[in-house]
Structure formats: structure tokens, C-alpha cells
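This report describes selected local features of one protein chain.

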Amino acid sequence: MTKSLRMRRRTTWLGSCLLLGGIALQAHAAGSAPMPSLIPQPARYQASGGGDFVLEAGARAGGNDDAARRAAGQFVELLARNGGPTLAVADDAGQAQVRFRLDPSATNTAEGYALRVSRSGIEISAGDDVGLFYGAVTAAQLLTGDVPGRVAAATIEDTPRFRWRGLMLDSARHFQSMDEIRKLLDAMAQHKLNTFHWHLTDDQGWRMQIKRYPKLTEVGSCRVPLGDAGRDPATGEPRRYCGYYTQEQIREIVAYAAQRHIQVIPEIDVPGHATAAIAAYPALGTTGKPLVIDNQWGVFPNLFNTDEATLRFLENVLLEVIDMFPARYVHIGGDEAVKDQWIASPRVQAHMRAIGAKNEMEMQSHLIKRLEKFLEQHDRRLIGWDEILEGGLPPEATVMSWRGTEGGLKAASEGHDVVMTPVTHMYMDYLQTSSPNEPPGRPTTIELRKAYEFEPVPAGLAADKRQHILGLQANMFTEHTRSDRILEHNLFPRLAAVAETGWSPADKRDFAGFLQRLPRQLQRYRAMGIDYAQTPFQVDMHDSGDRAAGTARVTLDNPLGYAVHYTLDGSEVGPTSPRYTQPLQVGLPAEIRAAAFFQDRPLAAASRFAVTADSLLTRDDTRLDLCPGDGKLLLRLEDDGPADGERATFNVNIFSPCWLWRDADLAGVSAVKVRAGRIPYNFQLAHDEPSRRFAPARTAHGELEILADCKGTPLVSLPLPAVPGADGFVELQAPLRTSSPRADLCIRFTGDTRPELWTLDWIKLETTR
């Protein structure tokens, strides 16, 4: 369906010119030097009290050998990208104010560096190119810090806590341009992240050119989305969603990353997440049935078969992958491989008997060991999701622990190297706040604090096994991430929290201090053109009212706890406006304007809320809860139209389409009006399918029902139409009579309406006037 975007009761985001301009995070008192706004925080910072270095017009950067001059050039680029001035590179370090030096005697050579600020300039030394580069990153942040162009005298001795500091990007579900990939690599480098895990194959698309098997991209890189998005609005013809990277483009990205000291790890999923490959070459599948590239999300049953010919196919693919990606690791997936097709396949079962595999997990282990041996023969190392532990694992394999930290604990205890990336803390497609302004995603929130406070080394891991924890990684799966704007919203600023966990000593990490340094980082994001999330910096409102008395109780909050100021008289909110400290009692109607501030500067645009007698009688889906009971899988889903541009979003429990309005004020209510629409139900649930609950339908197309406290005879039961209106919506109205002055209202749709799903847009209670 296609709908106009719902107008929320808040303003649009302010332009960058109004946000944090000229922010000074700390007073620069004489004789004192607070910790500068660096992210990640360095291992050791010591103020020296020797005055300040001031970057004057005509200042230059330089070094006396090739490595140092190369680092100077990178510093100049970093400084300009962070919003600082563009400097020249001096031929001689003696003519430079920012000086780089390769120091063969340095002991902190594992990406470490030393930096010294004096009145005469900034000196960076390191034992290798990587350390010089990270010193350049820190120098660029210092000069775009609390007082741009001015840095207090100090020394920094810095080296990372973990050697794997990563970001995984899913380019299979939604495809990113080369420019967006480069932009992300630039941002990773400025956060001292060093591993780009590139998820290039999945059920929904094969995104990497393999010259020996051209159909992988000719067939496997395109799909037709469900609903309006899959139809050309002008002709009605199917509209394909396509994209892949040529080998030349991949090499370009690998080289671009290498210049920023980032390794690129490719992922080729085996044996599951294989629909796109099987659609291109049906002989690779288990059932023998032809497939099409899927336009649904979720967990699919399609597995590669276990034939020798298929294993040779995978090895041939890996040969070309190895040729494109010089990094030591190759990721082979291994996750969410539902074994139903193998169980039902006489051919696979015969193969299992032939090799002595007692079950399907041992069969998967057999494939993993075969690929691990092949990669080892080509000087590569296998890494996979933690399911590869099941059925046995070669000792050389590395485990990426995503289903929590338990798999990582087990793997490290057994002597395997581990990267910690648990879904509970490191999945960037989970929403950051409960704000109605969040984009599509999984509404289980991973707020900034939760991401920051993740500890990669399990407390229960023996001391002699802790070296097996290589580090941590943020994962950005893109089922719900259709645009660069949503991608950058999801990643930033949470990626800054991940970076600090990966780099800074555990005893230096402090979330309150991180929040003090974060506003300056937002300034750098804007200079880089990064569309970071505004929702953590906005103000949210919750209200409850007494319509009879003409009053309402209003609660304001900022998700990160920054100071909130507000006005009630329609005037613009500023730092001298009243500070919010407790719920407000307001008369109706009321207009509340509120913003979060740091050092007297707004962190995001002011939010505006209108609280009226009518607004107390209306709720849209974002302000409703889940109905009680089993079967809960809440998603924040995007509409299926328009084909291009912004789309509306809906909070939907795809296991049970039911919404809860807690403690609804029913006094004087005589009728109810509901606006509902239909979107594609594009989810495969595999073994979770039995959790899907359908209230039984009594008419041909199901009903809209409204129940008091989700039980008893419905207060409202209206038959649903066979199809909604031309815009994909229908408005339904009915009398609503109850003797209860207040009740929890459950609004649900009955019947199994797949392949489409009814969803609630809004509900309004009507009174007799």
C-alpha cells in the first residue's frame, strides 16, 4: 500500500547550522587541561601544563621519511574531513607544526603510537605505519576538539585493547553504493576500527561477481520486492531490485580499506542462506526444485546439498574470493541452517551414512572441515558464526559468537579464537530508542548505554584462555535498512561506543564521560556528512489526561539523560527555559516545546507536542503496546510504497496482529474509528512458525475486533473488506458502548490473511458532544 507519511507531533530536525555550532564542552581554565573529547579514549593521557598549541594560518604537517610523510598526508585529509582547515604538507618535518616520525625503537608497535603536544606543535611517533595513522586520527580529533584549533599541552601513550575491532555490513538484503561503502570505511578509520566484515551472499541476493559462475550475479543479484515496491508505478510491470559488485570494484574497496589499515573479510554463507545461489544454479540445492530470489525476510529452509560437485563449486568460488581479498580470514557463515531438507533427502542421508555422520549437525561439520582444510591450503583461515561449534570444529577455526556470549565462552575454553558479536548488544538493526521517530527495524532496543557497556571477555573464562578473545564486532543486517539515511542512523553514534570498547582499557571506560565527549563527535559526523541518529538526542513525551477536569499529566525525557528544557507558552525553547525535573500538570489544550541541551547548546531540534482533549482520545500504532499472551515478535515495518522515497512505518507483532491501549479513558465514549491498512507479510519463520497465532475469523475476510482487557465478548466486531481502498487503507467506524469508565483496549485483526497482513494505523475514540 502507499500512504502519506503520518505527521508526528514534533518538528523536523534542525539544519546543522543550528546544532552544536561552536560548542565548547569544558571551560579552558588557565593552568588546567581536562580530558579532550577523543573517541575512543586513549589508553593514557597526561596533561603537561606547558601551555597550548594554537594552529595558526599557514601551518603545515610533515615528516622526514616516506612513512612519516604518508601519515602527514593522511592527517591533512582527516583534519579536513573532521571539519578542520586544509593544511599543506611540508617537504621537511622541521618546517611543520604537526610532525610525524617513524621510530624503530618504539615498543608499542601493535597499532600503538605516542603523541606529544607542546606550544611549538604536535609530534606523533610510532613503530609502524599503522601506529602513525592512528596517531594522525587522534591529532585530527584534538584539533577539532573542545576549542577548535587549540590543544592543551599533553602526552598520549596509546595502544588498543583488542586486535579485532569490527563492523559487519550486510549488502545482500539491501545493496549499498561504492560511495556509501567508502564513506563507512572513512568513518571506521576515524573510530580506529580495523575490520570490515562484508556480508555479500544470502537468500535475498548474491552481490559478488564470480567469473567462473556468471549466473550468480546474472540471476542471483536481482529480486522483485513484494507489494507496491515491486511494481513500476507508471506501467504496473514488475520492478526488479538489483545490484552487485564487480571484481574490479571489490579490489577497489579492498585497496581503499587497506589505505586506512582496515582488513576486509568476505562472507560466503554455507550451507544455509543459500537461496540466491541455488536459484542461479538449481543443481546446488537439496530438493531439486527450481527457486526464485526471495523477496521475504526470516529463516529459509533452502540448503546447499552435500554432493561432491557442490563442494567443488564452493571451493571454486573460494578461489576467486581468495584472489580478491588478501585478508587472512574468510567467513563461511554456518548460521541458521535449518536441516529439514537434509532430513528429508535420501541423497543426503546416504551421504551421511557413507561418511559416518550420526546426525545433520555432524554433516554440516563435515562440510565446514572440508572448507577449512581447503582454506588452510591457500593460506587462509576459516571463521564462522557460532553454530559451527555444533558437531565438532577444526582447532584452527575461529568462532564469531552471535547468539549471546555462551558460544564464545565455549569456543575460547576449547582453544578457538573468538570474536564477540552478541545479538543482545552488538546488532545495529535493533532500534536505539522507543521514540516514534525511529526508522524501520527490530524494536527490541539496544540503546547507546547497552552497546557501550558490553564486556567482550566473559567473566567465567579462565585467565589462560582470555587471549583467545580477539575482540568485538558490530553487526549491521539490512532487512529493514533500505536507504543510506537509515543505515547511518542505525550505525551512529552506536559505532562510537563499540569503538571505545574495542580500543580503550576496560578501567578507563565510563559512560558518563563518554556522553561528555560525544557532542563534539556529533560535530565531526556532520562535517563528514554522516546522517547520525537524532532520536537519542531528542525529547520524548508521554501523557495521560483527565478530560473531565480539562488537565493532563505530561512526562518528558531524553533517552541519554541530557538536561531537558521546555516551554508551555508557544515560545522557542532555549537553555534559559525552565528545566524539566518532574511531570508537568497542564491545562487543556497545551503546547509543549522541549529540547535536550549540553553546555547550553541543543543536541537536536526542539520537539513540539500538542496535548488536547482530542489527542487524549487518539493513539497511533507507535503509542500502543503489545497485547498480553504468547506469540510476540514485534517489528517496526516499512510500508511497501511508494516505490522510491520515504515510507511510513508501523509497529506490528507479526506473530499476533494485536495492539494494546492501556488504561483508555472511556467516559462519554460512544463510538470508535480505526484506520487500518495492508502490507505484505514477507516473513519465513522456519521452526518458529507454530508461534504464529491467529484469532479465528467468523466472516470471509476476518474481522476488526476491540476487546476490553483482551478477554470476553468483543466490544466491537466489524467484518473486514476483501481489499482495502486504492491507497491501501480502510477506515472503519462502529458504536462502542461500555459501562467501564476506563479499560485496557485490545485491537486485533482475526484470521490468517497471508500473504498480506492487516496493520493498525490509528484508533480514535469518539464522544457525544
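The expected span of a helix is 1.5 Å times one less than its number of residues. The model discussed here is predicted.

**Helix α1**

Helix α1 covers residues 66-81, and its 16 residues should therefore span 22 Å at 1.5 Å a residue. After α1 comes Gly-83, which has a positive phi near 100°.

An α-helix has 3.6 residues a turn, so residues three or four places apart point the same way. The buried residues of α1 are Ala-67, Ala-68, Ala-71, Ala-72, Gln-74, Phe-75, Val-76, Leu-78 and Leu-79. The elements covering them include the strands β2 (60-63), β3 (88-90) and β4 (98-102), together with the helices α2 (129-143), α3 (178-190) and α5 (247-259).

Residues under 20% relative accessible area count as buried.

| Residue | Location | Relative accessible area |
|---|---|---|
| Gln-176 | loop between β8 (164-170) and α3 | 3% |
| Tyr-525 | helix α15 (residues 511-528) | 1% |
| Leu-635 | strand β30 (residues 634-638) | 6% |

The side chain of Gln-176 makes polar contacts with backbone oxygens: that of Asp-170 is at 3.3 Å, and that of His-174 is at 2.8 Å. Leaving aside neighbours within four places in sequence, Gln-176 is in contact with Leu-169, Asp-170, Ser-171, Ile-181, Tyr-245, Thr-478 and Leu-487.

For Tyr-525, the polar partner is a side chain: a contact of 2.8 Å joins Tyr-525 and His-191. Not counting residues up to four places away in sequence, Tyr-525 touches His-191, Phe-492, Pro-493, Ala-496, Ile-530 and Tyr-532. The C-alpha atoms of Tyr-525 and Ala-187 are separated by 8.4 Å, although these residues are 338 residues apart along the chain.

Leu-635 and Asn-653 are 18 residues apart in sequence, with 6.2 Å between their C-alpha atoms. Beyond neighbours within four places in sequence, the contacts of Leu-635 include Gly-441, Arg-442, Pro-443 and His-480, as well as Phe-650, Asn-651, Val-652, Ile-654 and Phe-683.

**Packing of α7 and α10**

Helix α7 (residues 308-324) and helix α10 (residues 360-377) have axes that come within 11 Å and cross at roughly 35°. Their crossing is right-handed. On α7 the contact is made by Glu-308, Leu-311, Leu-314, Glu-315, Leu-318, Leu-319 and Ile-322, and on α10 by Leu-367, Arg-370, Leu-371, Phe-374 and Leu-375.

**An antiparallel sheet**

Which strands make up the open sheet, and in what order? The order is β28-β39-β33-β37, a sheet of 4 strands with antiparallel pairing. At the edges lie β28 (618-620) and β37 (729-735), each of which pairs on one side only. From one strand to the next, the twist averages 20°.

Strand β33 (residues 669-680) pairs with β37 over 7 bridges in the antiparallel sense. Within this pairing, Gly-677 has Phe-729 of β37 as its bridge partner. Strands of a sheet pair through backbone hydrogen bonds, either parallel or antiparallel.

Definitions and conventions:
Residues are numbered from 1 along each chain as its sequence is written. This is a predicted model: local features need pLDDT of at least 70, side-chain atom pairs count only at pLDDT 80 or more; totals for chains, interfaces and linings use all residues. Side-chain values use heavy atoms; hydrogens and water are left out. Two strands pair if DSSP finds at least two bridges between them. Helices (H or I, at least four residues) and strands (E, at least two) are DSSP runs, numbered from the N terminus. Axes are lines fitted to C-alpha atoms, for helices over the stretch in contact, and angles run from 0 to 180 degrees between N-to-C directions. Buried means under 20% relative accessible area, exposed over 50%, partly exposed in between (1.4 Å probe, protein chains only). Contact means heavy atoms within 4.5 Å. A polar contact is a pair of N or O atoms within 3.5 Å; within protein, one must be able to donate a hydrogen and the other to accept it, and residues adjacent in sequence count only if both atoms are side-chain atoms. A crossing is left-handed if the near helix is turned anticlockwise from the far one by less than a right angle, and right-handed if clockwise.
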